[in-house]
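Good morning, and thank you for coming. Please have the sequence and the structure before you as I speak.

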Amino acid sequence: MDIRREHRLGLTLASVLVLIATACGGATPSAAPSVAGSPGPTTAASASPAAELNGTVSIAFVGDIQYWDPALAYDTVSWAASRLLFDQLIHYDAGTGLIPGLAAEMPTISDDGLVYTFKLRDGVMFHDTTGAETGEMTADDVVFSINRLLRQDLKPNPSPVGGAFFGIIAGADKVLAGEAETASGLRAVDPSTLEIELAKPDKRLLNILAMGFGSVIPKDSPMDATEFAKNPIGTGPYHLSEYTQGQRASFALNDSYWGDRPMNGGVEMRVNVDDQTQLQQAIAGQLDLMGDPVPPGSFTATVNDPTLEGRIHRRIDVAIFYLAMDTSAPGSPLSEVKVRQAFNHAVDKDNLVRIANGRGGPAHCILPPAMPGHDPACKPYTLDLTKASSLMAEAGQAGGFSTKLYTDTTDLSKAWAESIQADLAKINVQVELVLQDWDVLLGTITTPHEAPMVLIGWFQDFPDPSDFVDPILSCATAVPGGANSSWYCNEEVDALAAAALGEPDDAKRIAMYQDIQNRIMADAPWVPTTFSETVEVVSARVAGTYLHPVYPFDLRPISVGE
């Protein structure tokens, strides 16, 4: 996610931004991830090689690429770029199945569930921005890459997920504390053998390693994301051949890529293109893929246009949109829980769904419907202006106050923000809307107490309920550069979440996350607003789908005709 635009975060982180219930190729992302019966060790579409490389795929996004460094990339635009340049030990197939990536096979796991042993592929080469090989990947590169996620001296700031995800590795706590540069649980046994030892059993490890953050980069990479961005080196199927900030990035094929070659001859990623322009260009054949959903004002005409039959791609998102409120800013009325609860009673979520043309549905709690642990009975707040006004009075805010709401510049986000602005005016809260380009917004909301409220979304990192707690609602992520945009910290919730990670009984574990969800909702750091469905238009020359349930965009399998 994420904070991802799909949150799209999102939204997404999400993007989010947005998160996904049906996947490309008929996969079922709502199911728990599984390694059983996974397809072979390749990651791109397993069709014929060079004969299918028949064109450059173009995709556009409203936002720009925030980070070229996979240790920091946490939005769907940056994730789409990372997916082209880098690989991880473990990948996802077309759905939510885990398969070997840079690992030659799935790892062996010790009987106590603590030690994972990976055999690495031979002959995997790193490539720079010219396409030249810069060296062969070894276990030392993997160890460095993961330690780099944990180190606090990474510039301009540490990875937003070092503690939340990779902190499960034995000895990671010492690296996070600045007491060591290498976690004791990361061991290069020999150039092609890696051991990862956990502090305690945690079934999320393979999902975590499959995230973009798990990308492997050379062991001599700089500890500075700005320096790394000057020449991002990875093992992926493409290399970055050209980048003009604010305009476009071009990706060329790596001729010696270790895995199945992509189904296209290259990728052009256009940035800072508004969603209405994306739609018009896709319909006209001037753009292959939309990176953002069809805007609400054009939705009905678009989906009912018979000339677009077969060119409309849909995905039910495993994601949630929400109004995050700064719970800990000194002197802010939003630091009072009753004010935040009042906001939950004041926002008309059904109207937000109407604005989105009926896509998705109202969100009442944190976990979206396609996520294990979703509880349809979790509805702690109803639309009730009388109750909202009463809570404001109890908080000493009967007369209301003025505040700001930040969001991105898409038509849908703007329309949603205006609806929330009108809702809160009914309880005497005057809201100034601040619309920012996506990359600017990410910088704002990851700076402590810069944004009193933000309307954003979260797109799953992986299909496990912990992913909607640990990276965005934990004390460890309420830090500069983190994804906790409500700056929420409840140590009791953190302790319960830590216990849930180690619970081996799936039914008990789900019940624990539902309890955690109820506790967080009582604290009301968010107003959950909507769950979503992504609907996008592609050009007539596109074959295949790029809407992936986890990545969330995967351009490797896309083929385009001339």
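I begin with Cys475: at 18% relative accessibility, this residue counts as buried, because the limit for buried is under 20%. Please note that the model before you is predicted. Cys489, at 43% relative accessibility, counts as partly exposed. These two cysteines form a disulfide, with their sulfur atoms 1.9 Å apart. The torsion about the S-S bond of Cys475 and Cys489 is about 90°, so this disulfide is right-handed. Both partners lie in the loop between strand E19 (453-459) and helix H13 (491-501), 14 residues apart.

How many disulfides does the structure hold? There are two. The other joins Cys365 to Cys378, with an S to S distance of 1.9 Å. Here the torsion is about -75°, so the disulfide is left-handed. Cys365 and Cys378 are both buried. Counting bonded cysteines along the chain, the pattern is 1-2, 3-4.

Asp326 is buried yet has no salt bridge; Arg340, the nearest side chain of opposite charge, is 7.9 Å away. Which side chain does Asp326 meet in a polar contact of 2.8 Å? That partner is His449.

Finally, consider helix H1 (residues 76-85), where ten of ten residues are buried. Their cover includes strand E2 (90-92) and helix H12 (438-445). At the start of H1, a side-chain oxygen of Asp75 comes to within 3.2 Å of the backbone nitrogen of Val77.

How values were computed
Residues are numbered from 1 along each chain as its sequence is written. This is a predicted model: local features need pLDDT of at least 70, side-chain atom pairs count only at pLDDT 80 or more; totals for chains, interfaces and linings use all residues. Side-chain values use heavy atoms; hydrogens and water are left out. Buried means under 20% relative accessible area, exposed over 50%, partly exposed in between (1.4 Å probe, protein chains only). Lys and Arg count as positive and Asp and Glu as negative; His and the chain ends are not counted. A salt bridge is a side-chain nitrogen of Lys or Arg within 4 Å of a carboxyl oxygen of Asp or Glu. A polar contact is a pair of N or O atoms within 3.5 Å; within protein, one must be able to donate a hydrogen and the other to accept it, and residues adjacent in sequence count only if both atoms are side-chain atoms. Helices (H or I, at least four residues) and strands (E, at least two) are DSSP runs, numbered from the N terminus. Contact means heavy atoms within 4.5 Å. A disulfide is a pair of cysteine sulfur atoms within 2.5 Å.
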